[in-house]
Amino acid sequence: PLHFHLQHEKTLRYFPLSSGKKNCYNIPLPAGRYYIRTFTVYDNYDGKSHSPSFDASVEGTLVFSWRSPWPESLTRDGAYSDLFAFVKDGQLDLCFYSIATDPPVIASLEVVQIDPLSYNSAQTGDSYILVNYGRLSPGSSQWGPAGKSESAKVITTKEKINGTEKAPNYFPMKLYQSAVTIEGRLEYELPVDAKLDYLVWFHFAEIDSTVKKAGERVFDVLVNDKNVSRVDIFKEVGSFAAYSLNYTEKNLSSSVLNVKLSPVAGAPLICGLENYAMVPADLATVPEQVVAMKALKDSLCVPDRMGWNGDPCAPTDWDAWEGVTCHTNKNGTGLVITQMNLSTNSLDGTLPIGLGQKSLARLDLSDNQFSGSIPESLTSSNLQLVRLNNNLLEGRVPEELYSVGVHGGTIDLSGNKGLCGVPPLPDCPLFWENGRLSKGGKIAIGLSCFLFVAVLLLVIYLFCIRRGRNDYDFGLPSDLISLAAKRNRYQRQKSLMLLEMESQHAKGLPSVPLNPH
């Protein structure tokens, strides 16, 4: 604690192997470009005198590598590392990957949003991460002209420098208030890694008041002996004003980037130099599979020791999640999961509905404690091998999944007492499936309920109709019945008389008048 003065340098976090080989910080952030800086130190915190080997990635791209043994000064004093990266998905992922059994360490993490157009991103695009390989300014212990530059000197000023603190880079005024100059050639060798492109930024300001006009200080800027620009600061911006230029060195084949400022008139001068490796953003797992795998992690209660953190497949320099195998998709735009082998891991839980993408060819979840039903989503994949044996799964097996074995693939569902519906498993109950009512059972119950209600309504209806008829059924009074009977007898007698008269008329007898007088 007495060795470090800043509060964030006084603490350290490490990730033991029991938490898995891959550990991540996941920071919710709005989409944009960010400056990310870490401070890393060992300082023999564990008393083992063994500085760790590990990698660090940002947004699924490998950016830093630490290898044991560290230089003594680095082990004791630590170091800052920084970069510029785009965040597009609303979350910054900074991950650490253990090499062998070493625990990664970090003392601090700083994240600052910056202008998305900074550092020439309009030309370089958003598919690169700029990793700082050297940022030098006069007065820094790292600044050291090499070769024939031993007589270089530093000049400073307190005058205001025009053109600083402006978008999109917001370079600070302090950067331009000191400079290195030399009578002769100024040279510097920057250590780099081969096979990468490098973006080099040069910062100038004419802070020598003896330079009064253009042409008095002119020099060439050479990178790896290639003349990239002739600089006349006064001609470009006048005195006490900031001037910057940048150059990209591509396909570097050596481990040294050589920068020279060769005089044309007067002595060369420079205020600052920045060198960034242009690291191409690595391929990432396709978004829908990331979502599915994170759901699988939550559903299966995957233990920390398996290191299921960050992107399942990226960076491609690291191993994928334990038990997961990935390949590039057909159009080369992303990574897809082609195989999962999680057998014999004492995993429990239910299989998530989204499990199974078309890219998945082999799935081995055998000898665990998975419960619930087999999700229908597995039928949408191109599986050639399925091992779900010796679990606690139950319910009907999707026929499309069972057909894997029919079409030359391998499928093993044994050891799940609750599975049914395909040979050699038992038949499924008619109205029961996957631990709950089947679709047919629900339909049957629905029809039964409908018929019951219909019959009940019919009974009620018939009862009400019969009740209504009884309410209006009454007997006729006895005198009305007697009167009706007498009238009926009269009608019968009248009919007999008419028949008799017709008979007599037919015999020639005189008729009797019908109406009495």
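**Close-up views of cysteines and a nonpolar patch**

With a relative accessible area of 6%, C313 is buried. The model shown in every view is predicted.

**View 1. The disulfide of C313 and C326 in the predicted model.** The two sulfur atoms are 2.0 Å apart. C313 sits in the loop between α4 (287–300) and β21 (324–328), while C326 belongs to strand β21, so the link ties together parts 13 residues apart in sequence. The torsion about the S-S bond is about -70 degrees, so this disulfide is left-handed.

**View 2. The disulfide of C24 and C95.** Here the S to S distance is 2.1 Å. C24 lies in strand β2 (residues 22–28) and C95 in strand β7 (residues 91–98), so the pair joins parts that are 71 residues apart in sequence. The link is right-handed, with 105 degrees about the S-S bond. Both C24 and C95 are buried.

**View 3. The disulfide of C420 and C428.** The sulfur atoms of this pair are 2.0 Å apart. A torsion of about 100 degrees about the S-S bond makes the disulfide right-handed. C420 and C428 are both buried. A search of the whole structure finds three disulfides, and the bonded cysteines, numbered in sequence order, pair as 1-2, 3-4, 5-6.

**View 4. Accessibility of C271 and C301.** C271 is buried, at a relative accessible area of 0%. C301 is exposed, at 52%.

**View 5. A nonpolar surface patch that includes L457.** F452, V453, L456, L457 and I460 make up this patch of about 490 Å². L457 is part of helix α6 (residues 439–471). The relative accessible area of L457 is 54%, which means that L457 counts as exposed.

Methods. Residues are numbered from 1 along each chain as its sequence is written. This is a predicted model: local features need pLDDT of at least 70, side-chain atom pairs count only at pLDDT 80 or more; totals for chains, interfaces and linings use all residues. Side-chain values use heavy atoms; hydrogens and water are left out. Patches are made of residues with over 30% relative accessible area and no salt bridge: like charges are joined within 9 Å, nonpolar side chains (Val, Leu, Ile, Met, Phe, Trp, Tyr) within 5 Å. Accessible areas come from the Shrake-Rupley method with a 1.4 Å probe; for residues, only the protein chains shown count as cover. A salt bridge is a side-chain nitrogen of Lys or Arg within 4 Å of a carboxyl oxygen of Asp or Glu. Helices (H or I, at least four residues) and strands (E, at least two) are DSSP runs, numbered from the N terminus. Buried means under 20% relative accessible area, exposed over 50%, partly exposed in between (1.4 Å probe, protein chains only). A disulfide is a pair of cysteine sulfur atoms within 2.5 Å.
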